Amino acid sequence: FFLFWCFLKRRSRCRCAAAARLPEAAHCTPMSETPARPAQPRRPRGNRLQVVVRKRPLSGREAERGRRDVLDMQADAEGAWVIVHEPKTKVDLTAYIETHNFRFDGAFGEATTNRTLYAGSVAPLVSHLFAGRIATCFAYGATGAGKTHTMLGSPQEHGIYSLAANSIFERMEASNGAGGEGLVLRVSAFEIYGGKVFDLLHARKLCPVREDSKKRVHVVGLTQRHCHDIDHYASLLAASHDARQTAATMANGVSSRSHAVLQLALCRRAAARPAARGRRPPARREEEEEEFCEVGRMSFIDLAGTERGAATLSCHDKERQLEGAEINKSLLALKECIRGLDAGKSHVPFRGSKLTEVLRDSFVGDCHTVMIAAVGPSDDSVEQTLNTLRYAATVHDLSSSSVAPPPTPTLQLMPRRP
């Protein structure tokens, strides 16, 4: 004990001597007066990646429970601010409000319709599709934030899927009527559930994902349907939605348990290749596979909602908990890929999950991407709202220099064998 007391006393004397040698202002300046570090200049961003936020209205159950709206939005000439007023409590039980500010390319309030959201964010992607580029729109947010309503819509209001298809068919009709190239639209739909890819237009058939020697990703055996008109498109959309994996949780009565991907491939008629001399021509597989080649592609991704572990405890169902863990794991892998692109790393871990493998062409090469972050306004879900906005802010800060040229791997479709 005596030796330990001598050690502490010697240590105290050394600290006092070191403090005496410092200038007086070095240890008496209050923290509030310490000069802040200069802000680093922000790298320029292009228009390849746009991030917008959509706020849903308070639900009937939230209004009955007396929940308050803690989300404000302010638009200006350069974009929009999303302001979150988080209610918190100090150690002495004093209530106070902590304000969080986020900057995005656009913000849409609870009174915004799907048509207004589409015109203000997604509509320019159709022009990129007809220009032969890759266009992607994906919705992100917590469970019950309104992602599926935004993408799919309702019987009273069309969603982004239908509004984009209407614009595409109008452009196709104008192009074909003016003596164009005879453009057609082919539709495919699949979901990523439990780290596996299932074809939603072919009885949820399991489709492996492969990568060739040229770093191009292929969904092997994925079905593509030649879409004739908007009614046929609506029937395909309904069939794919009915086949999607859903379940009830404590957070949402009908919760999507998978990442759904809808791809619209704009194709034109390809010239037939002559058969070799002295050899019989091969048997025809499907007329669509032989006569058309892809010009551009637009992908819509309805991401499964992020969840806390407590939100998946629905009747102590272990399957729901495993689903929630797999969903959060894939979304974390997507975030790590975005961080890698923003940091300019030579290796980005796109193989971390099936989701990042599929979305790789949405962030590299000649692509244009729109992210819709769906958030709820209630004060009891403010933690999930902040997590969604922080995730979206990470995507928003992805600079244009890191989106452009690395390799240009694209998601291509290999025909299903008869």
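**Entry 1: Cys267**

I began with Cys267, which touches Gly182, Leu183, Val184, Arg186, Phe292, Cys293, Glu294 and Val295, leaving out residues up to four places away in sequence. I count a contact when heavy atoms lie within 4.5 Å. The model is predicted, so local features need a pLDDT of at least 70 and side-chain atom pairs count only at pLDDT 80 or more, while totals for chains, interfaces and linings use all residues. Residues are numbered from 1 along each chain as its sequence is written, and side-chain values use heavy atoms, with hydrogens and water left out.

I located Cys267 in strand E17 (residues 259-269). Helices (H or I, at least four residues) and strands (E, at least two) are DSSP runs, numbered from the N terminus. Cys267 has 1% relative accessibility and therefore counts as buried. I use buried for under 20% relative accessible area, exposed for over 50%, and partly exposed for values in between (1.4 Å probe, protein chains only). One of the contacts of Cys267 is Val295; these two residues are 28 residues apart along the chain, and their C-alpha atoms are separated by 5.2 Å.

**Entry 2: The whole chain**

I looked up the overall composition next. The chain has twelve helices and 20 strands. Of its 418 residues, 43% are buried. Among contacts with a separation of 6 or more, 71% are between residues 24 or more positions apart. The chain exposes about 22,900 Å², and carbon and sulfur atoms supply 53% of that area. Accessible areas come from the Shrake-Rupley method with a 1.4 Å probe; for residues, only the protein chains shown count as cover.

**Entry 3: The nonpolar cores**

Which residues of the largest nonpolar core touch the most other members? I found Phe102, Phe104, Leu303, Leu334, Phe363, Met371 and Leu389, out of 47 residues in that core. Helix H11 (residues 382-396) gives the largest share of this core, seven residues. A nonpolar core is a set of buried Ala, Val, Leu, Ile, Met, Phe, Trp, Tyr and Cys residues joined through side-chain atoms within 4.5 Å.

I then followed Phe102. Beyond residues up to four places away in sequence, Phe102 touches Ala80, Trp81, Val82, Val84, Leu386, Leu389, Arg390 and Ala393.

I checked the length of helix H7 (residues 230-243). At 1.5 Å a residue, its 14 residues should span 20 Å, and its end C-alpha atoms are 20 Å apart, which agrees. The expected span is 1.5 Å times one less than the number of residues.

Which residues of H7 are buried? They are Tyr233, Leu236, Leu237 and Ser240. These residues cover an arc of only 100° around the axis, which puts them on the same side of H7. The arc is that of the directions from the helix axis to the C-beta atoms. An α-helix has 3.6 residues a turn, so residues three or four places apart point the same way. On the other side of H7, Asp231 and Asp242 are exposed. At the start of the helix, a side-chain oxygen of Asp229 comes within 3.4 Å of the backbone nitrogen of Asp231.

I also looked up Ser162, in helix H6 (residues 160-177). Ser162 is buried, at 14% relative accessible area. Setting aside neighbours within four places in sequence, Ser162 is in contact with Ile230, Tyr233 and Leu237.

**Entry 4: Two residues with positive phi**

Leu93 has a positive phi of about 70° although it is not a glycine. I placed Leu93 in the loop between strand E3 (79-89) and strand E4 (95-104). Is Leu93 buried or exposed? Leu93 is exposed, with a relative accessible area of 71%.

Arg204 is likewise not a glycine, and its phi is positive, about 55°. Arg204 sits in the loop between strand E10 (196-199) and strand E11 (205-207). With a relative accessible area of 26%, Arg204 is partly exposed.

Gly106 belongs to strand E5 (residues 106-108) and, at 10% relative accessibility, counts as buried. Leaving aside neighbours within four places in sequence, Gly106 is in contact with Val51, Val52, Val53 and Ala80.

Asp379 is buried, with a relative accessible area of 15%. Not counting residues up to four places away in sequence, Asp379 touches Arg67, Arg68, Val70 and Pro87.

Terms used: Polar contact = N/O pair within 3.5 Å; in protein donor to acceptor, adjacent residues only side chain to side chain.
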